[in-house]
Amino acid sequence: IQHWATLCRHYLPIFSGDARWKLSRTVRPDDPVQGWKLHLSATLLSAGAMLERIAPLLKAGDTLFKAPASLEELSRINSGLVYGYSQVGKVITVYPQNDGEAVQLAHRLNELTVGMAAPAIPFDRQFQPGSCVYYRYGAFKELDIQSYDGAIPAIRNQEGNLIPDCRESWDSGLTWLSDPFIASQKEPSKPEQTPSDSPLITTFRVFRALSQRGRGGVYQAVDFRFQPPQLCILKEGRRNGETGLDGLDGARRIQREAQALSDLQYCGIEVPEVY
C-alpha cells in the first residue's frame, strides 16, 4: 500500500476532480477530446510493479495517464460492483495524442508488462493474446448527451454529432473507424477457438447471466445430461479476477467453494450439489 502511495506521489502528482484518480499532469486545452485510449490491467498484487515499470516511459514522453489514488480504489474498480462491470481491470489509463502514438505506446507498454498477472477487461480489445494492454475508442474529456435519465457520456462521430460513448460493447456506433492496432501486428491476432468438446458446448448451455463481477459470473443454464434436460446454475471463477492480498483470485475461490460444498455434502449436511 505504501509502495503504491509513493509511486503516485512521484509519477501522478495531480488529483482529478473527484479525488478517486491521480493524473500524471494537468489536462491541457490542446489535448485530444477523444481517441484511442489504452488501458493496462493489473491485480492488487501486480499494480505497483506495473506502474513502476511503465511510468518512467510515459513521464519521459509527457504522456497524460491516470491511475487510482489508492489500492482500495483499485479493489473497487476490479470488483465490478461499485463502478460497473465494464470498468473491471481498467487500472491505468493512457491518453495518446494521436493514432500513431497510441500504436507505438501499445507495443512498448506490452513489452514492459509481458507476463504480469492481470484480469481481462470485459469490453475492450486485447492488444495481443496474453497482454496486459487493452484499448478502445472513447472520450478523453467530459462530453455528455442530456436525456430524461440524466447525462450520458458521449463522443462525436465523423459528422460531428454526439453519440453515446458506450463502454458495454466494442464497436457500438463506431463503424467509421478502422482499428490501427491490428495493422501494426506482425501477425494479426486470431480469436481464441473454443474446443469443440468443451462442456459449455456439449453439456451445458448458458442462456441468462444472473450476475457479473470481477471474480466471475453466475448464470442460468440447461444441463443436457438429463432427459428431459434440467435447469442448473453455472458459477464462473475468473483467473486474476479480484485477486486479494492473500493471492486468491476468482478461479481459486470458486474451486475452494466447490470443495467446501462437496465436503459438507459428504458429511450429510444439506447444501447445493456440485455437478
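# Exercises on a predicted model

T113 is in contact with L40, M50, R53, I54, C132 and V133, once its neighbours within four places in sequence are left aside. The model you are looking at is predicted, and the exercises below start from this residue.

## Exercise 1: T113

Find the element in which T113 lies, and decide whether T113 is buried or exposed.

*Solution.* Start with the element: T113 belongs to helix α4, which covers residues 99–113. Next, take the cut-off, which calls a residue buried when its relative accessible area is under 20%. T113 has 0% relative accessibility, so T113 counts as buried. Finally, look again at its partners, which include M50, R53 and C132.

## Exercise 2: F181

Now try a distance: how far apart are F181 and P119 in sequence and in space? Counting along the chain gives 62 residues, while going from C-alpha to C-alpha gives 21 Å.

## Exercise 3: Helix α3

Name the buried residues of helix α3, say what covers them, and describe the residue that follows the helix.

*Solution.* Begin with the helix itself, residues 71–79, where L71, E73, L74, I77, N78 and S79 are buried. Then turn to the cover, which includes the helices α1 (2–11) and α2 (47–60). The strands β2 (21–23), β4 (64–68) and β11 (204–213) are also among the elements covering these residues. Last, step past the end of α3 to G80, which has a positive phi, near 75°.

## Exercise 4: The whole chain

Describe the chain by its elements, its box, its buried share, its contacts and its charges.

*Solution.* Count the elements: there are seven helices and 13 strands. Along the principal axes, the C-alpha atoms fill a box of roughly 65 × 45 × 45 Å. Of the 275 residues, 42% are buried. For contacts between residues at least 6 apart in sequence, 58% link residues at least 24 apart. To finish, tally the charged side chains: 30 are positive and 31 negative, with the centres of the two sets 3 Å apart.

Notes: Residues numbered from 1 in each chain as written. Predicted model: local features only at pLDDT ≥ 70, side-chain atom pairs only at ≥ 80, totals over all residues. Heavy atoms only, no water. Buried < 20%, exposed > 50% of the residue type's maximum accessible area, 1.4 Å probe, protein only. Helix = DSSP H or I, 4+ residues; strand = E, 2+ residues; numbered from the N terminus. Contact = heavy atoms within 4.5 Å. Lys, Arg positive; Asp, Glu negative; His and termini not counted. Charge placed at Lys NZ, Arg CZ, Asp CG, Glu CD.
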